[in-house]
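Colleague: I am new to this structure and would like a guided look at it. Could you put it on the screen and take me through it step by step?

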Amino acid sequence: MPYFVYKITPNMLLTHIETQERYQDARATVRNLRAERAQGDDADYRMIFAKHQLEAERLLSRPKDNRVIGED
């Protein structure tokens, strides 16, 4: 399964940047994009492991669960 690299804007607009077969290549791409990001750019760059691009976008669009660590 491939790794998909996306740019995610604060309003959850997903922009597919590229697809990599190897984890190391995808990780390097994301790190480079984050390092080269402009000063006022508030977008995030993420990679996701998925069967196809549609699944990757579905997983990235889903809100994260609030994790509870320990007991209240």
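Modeller: Read along the sequence, the chain runs in the order β-β-α-β-α. Helices (H or I, at least four residues) and strands (E, at least two) are DSSP runs, numbered from the N terminus.

Colleague: How many helices and strands does the chain have?

Modeller: The chain has 2 helices and 3 strands.

Colleague: What should I know about the model and its numbering?

Modeller: This is a predicted model, in which local features need pLDDT of at least 70 and side-chain atom pairs count only at pLDDT 80 or more, while totals for chains, interfaces and linings use all residues. Residues are numbered from 1 along each chain as its sequence is written, and side-chain values use heavy atoms, with hydrogens and water left out.

Colleague: What box do the C-alpha atoms of the chain fill?

Modeller: Taken along the principal axes, the box is roughly 40 × 35 × 20 Å. Of the 72 residues in the chain, 25% are buried; buried means under 20% relative accessible area, exposed over 50%, and partly exposed in between (1.4 Å probe, protein chains only).

Colleague: Now the strands. In which sense do β1 and β2 pair, parallel or antiparallel?

Modeller: Strand β1 (residues 3–8) and strand β2 (residues 14–20) pair in the antiparallel sense, over 6 bridges. Two strands count as paired if DSSP finds at least two bridges between them. Isoleucine 8 has leucine 14 of β2 as its bridge partner, and lysine 7 stands opposite threonine 15 in β2.

Colleague: And how many bridges join β1 and β3?

Modeller: β1 and β3 pair over 6 bridges, in the antiparallel sense. Valine 5, for instance, has methionine 47 of β3 as its bridge partner.

Colleague: Is β1 mostly covered or mostly open?

Modeller: β1 is mostly covered, with 5 of its 6 residues buried.

Colleague: What is found between β1 and β2?

Modeller: The loop there contains methionine 12, and the hairpin has 5 residues between the strands. Phi of methionine 12 is near 65 degrees, a positive value in a residue other than glycine. Most residues other than glycine have a negative phi. Methionine 12 is partly exposed, with a relative accessible area of 43%.

Colleague: Back to β2 for a moment. What does glutamate 18 touch, leaving aside its neighbours within four places in sequence?

Modeller: Glutamate 18, in strand β2, is in contact with Tyr3, Phe4, Val5 and Thr29. Contact means heavy atoms within 4.5 Å. The C-alpha atoms of glutamate 18 and valine 5 are separated by 5.4 Å, though the two are 13 residues apart along the chain. Glutamate 18 is partly exposed, at 26% relative accessible area.

Colleague: Where does aspartate 41 lie?

Modeller: Aspartate 41 lies in the loop between α1 (23–35) and β3. Aspartate 41 and threonine 9 are 32 residues apart in sequence, and their C-alpha atoms are 9.0 Å apart in space.

Colleague: Let us turn to α2. Which of its residues are buried?

Modeller: The buried residues of α2 are Glu55, Ala56 and Leu60. They lie on the same side of α2, because they cover an arc of only 130 degrees around the axis; the arc is that of the directions from the helix axis to the C-beta atoms. What covers these buried residues includes β1, β2 and β3.

Colleague: Is leucine 59 buried or partly exposed?

Modeller: Leucine 59, also in helix α2, counts as partly exposed at 23% relative accessibility. Not counting residues up to four places away in sequence, leucine 59 touches Ile48 and Phe49.

Colleague: Last topic: which residues line the largest pocket?

Modeller: Its lining consists of Arg46, Ile48, Leu59, Leu60, Arg62, Pro63, Lys64 and Asp65. β3 (44–49) and α2 (53–61) each supply at least two residues of that lining. On a 1 Å grid over the protein atoms alone, a pocket is an open set of points where a 1.4 Å probe fits, with protein on both sides within 12 Å along at least five of seven lines, and lining residues have an atom within 4 Å of a point.

Colleague: How much space lies in the largest pocket?

Modeller: About 170 Å³ lies in the largest pocket, where a volume is the space filled by probe spheres set on the points, and grid points are joined across faces, edges and corners.
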